[in-house]
Amino acid sequence: MDPSAAKLIGAGLASIALVGAGVGIGTIFGNYLQGALRNPSAAPGQFANLLLGFALAEATGLFGLVVALIILFVF
Amino acid sequence: MVEAHAAEGAAQGGSHLPNPMHQFEIERLIPLKWFGVDASFTNSALFMVIAACLITLFTVYAMHARALVPSRLQSVAEISYEFVANMVRDNVGTAGMQYFPFVFTLFMFVLALNMLGMLPYSFTVTSHIIVTFALAAFIFLGVTLIGFIKHGAKFLKLFVPSGIPVVLLPLLVVIEVISYLTRPLSLSVRLFANMMAGHTMLKVFGAFVVALGLLGGWAPLAFMVVFTALEVLVAFLQAYVFAILTCIYLNDALHMHH
């Protein structure tokens, strides 16, 4: 195979990591909404944790994106 | 390094769209060489100076009146103070308030750099891994030193989770040590990756607007407005997460709860 083609395929494979970020963000917001609808008075107190969880979940997916960018632009 | 190859990558791809990596290029504004070390004043350094000046001017000017009933500007300064103070108090406790100036400076600096990066034609300092890694490495070193100074050799107990079977200990201690050592890495990559991915995405979508022209460009332009709002949110959120994780690490070092 042409090495540059392999590079592009590798970068594409690495960006599949963002699937996990999508699942994670969906889980976090879904569960937050579920909890917030069951007990609305407790919801504002957990908003900081929601944002923290969102950022952490998004970041793990972005690690995969960084791998893709490294494959594309460093090698 | 990344930038040089980015140009190459775009040339290989043969696309007609502008290179989305061009915005991350570092330029030497005032070339300087001290004892063989390249200490040039770059656009990255310029934006850090601007951010530091902006924060200083904002806090000093907003608080100069010291009114009992605050003006709008003074309210903003007070809200940002209270916001960070509450963050430190909630996560580290009152013992952590002596580190409040550090966390406040860190939060405001990262926030200013992220927000300055949202201005068109500006430079995002936090989209470079070396900047965020230097910040995270100093936080990691400082927090570890605080832990050892406070607890001495007992600080190593942080790596031994309590209430688990002795058989599992060798495995878990290794995992704990690795997870502790990767903290500066994950802290820096989180901020860097978010800022770089966001700005690259904005640039790519912006190129779509231009490529579709006056007639077809309206739909992607509407998306761009929404995405820009999302990026402003992310810029704030990442500064917040950076500061709150510093608080959590500080809490580990000060109280060693597990």
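**Close-up views of a predicted two-chain model**

**Figure 1. Overall make-up of chain B in the predicted model.** Chain B contains eight helices and four strands, where helices (H or I, at least four residues) and strands (E, at least two) are DSSP runs numbered from the N terminus. In sequence order its elements follow the pattern α-β-β-β-β-α-α-α-α-α-α-α. The C-alpha trace of chain B spans about 65 × 55 × 50 Å along its principal axes. Of its 258 residues, 27% count as buried; a residue is buried if 20 or more other C-beta atoms lie within 10 Å of its own, exposed if 12 or fewer, and partly exposed in between, with C-beta atoms placed from the backbone. Among contacts in chain B between residues at least 6 apart in sequence, 61% join residues at least 24 apart; two residues are in contact if their C-beta atoms, placed from the backbone, lie within 7 Å. Residues are numbered from 1 along each chain as its sequence is written, while chains are lettered from A and ligands numbered from 1 in the order in which they are written. This is a predicted model, in which local features need pLDDT of at least 70 and side-chain atom pairs count only at pLDDT 80 or more, whereas totals for chains, interfaces and linings use all residues.

**Figure 2. Confidence across the two chains.** The model scores ipTM 0.72 and pTM 0.83. Chain B averages a pLDDT (the predictor's confidence in each residue, from 0 to 100) of 85, and 93% of the residues score at least 70. For chain A the mean pLDDT is 87, with 100% of its residues at 70 or more. Within chain A, confidence is lowest in helix H3 (residues 47-73), at a mean of 82, and highest in helix H2 (residues 17-38), at 93.

**Figure 3. The helices of chain A.** Chain A has three helices and zero strands. Its radius of gyration, taken over C-alpha atoms, is 17 Å, well over the 11 Å that the globule rule gives for 75 residues, so chain A is more spread out than a compact globule. That rule is 2.2 Å times the number of residues to the power 0.38. The C-alpha trace of chain A spans about 60 × 15 × 10 Å along its principal axes, and 16% of the 75 residues count as buried. The 22 residues of H2(A) should span 32 Å at 1.5 Å a residue, and the end C-alpha atoms are 32 Å apart, which agrees; the expected span is 1.5 Å times one less than the number of residues in the helix. Of these 22 residues the number buried is one, so H2(A) lies largely in the open.

Figure 4. Leu13(A) lies in helix H1 (residues 3-14) of chain A. Leu13(A) is partly exposed, with 13 other C-beta atoms within 10 Å. The C-alpha atoms of Leu13(A) and Ala68(A) are separated by 7.9 Å, although these residues are 55 residues apart along the chain. In chain A, residues 24 or more positions apart account for 90% of the contacts with a separation of 6 or more.

**Figure 5. The side of chain B that touches chain A.** Here 17 residues of chain B are in contact with 13 residues of chain A. Helix H1 (2-13), helix H7 (183-216) and helix H8 (218-255) of chain B each supply at least two residues of this side of chain B. By class, this side has eleven nonpolar, five polar and one charged residues; Ala, Val, Leu, Ile, Met, Phe, Trp, Tyr, Cys and Pro count as nonpolar, Asp, Glu, Lys and Arg as charged, and the others, Gly among them, as polar.

**Figure 6. The largest nonpolar core.** This core (buried Ala, Val, Leu, Ile, Met, Phe, Trp, Tyr and Cys residues joined through C-beta atoms within 7 Å) has 55 residues, and those with the most contacts inside it are Val103(B), Phe107(B) and Ala243(B). The largest share of the core, 13 residues, comes from H8(B). Not counting residues up to four places away in sequence, Phe107(B) touches Val84(B), Ala239(B) and Ala243(B).

**Figure 7. Two loop residues of chain B with positive phi.** Arg66(B) is found in the loop between H2 and H3 of chain B, and its phi is near 50 degrees. Arg66(B) is exposed, with 7 other C-beta atoms within 10 Å. Tyr121(B), in the loop between H4 and H5 of chain B, has a positive phi of about 65 degrees although it is not a glycine. With 5 C-beta neighbours inside 10 Å, Tyr121(B) counts as exposed.
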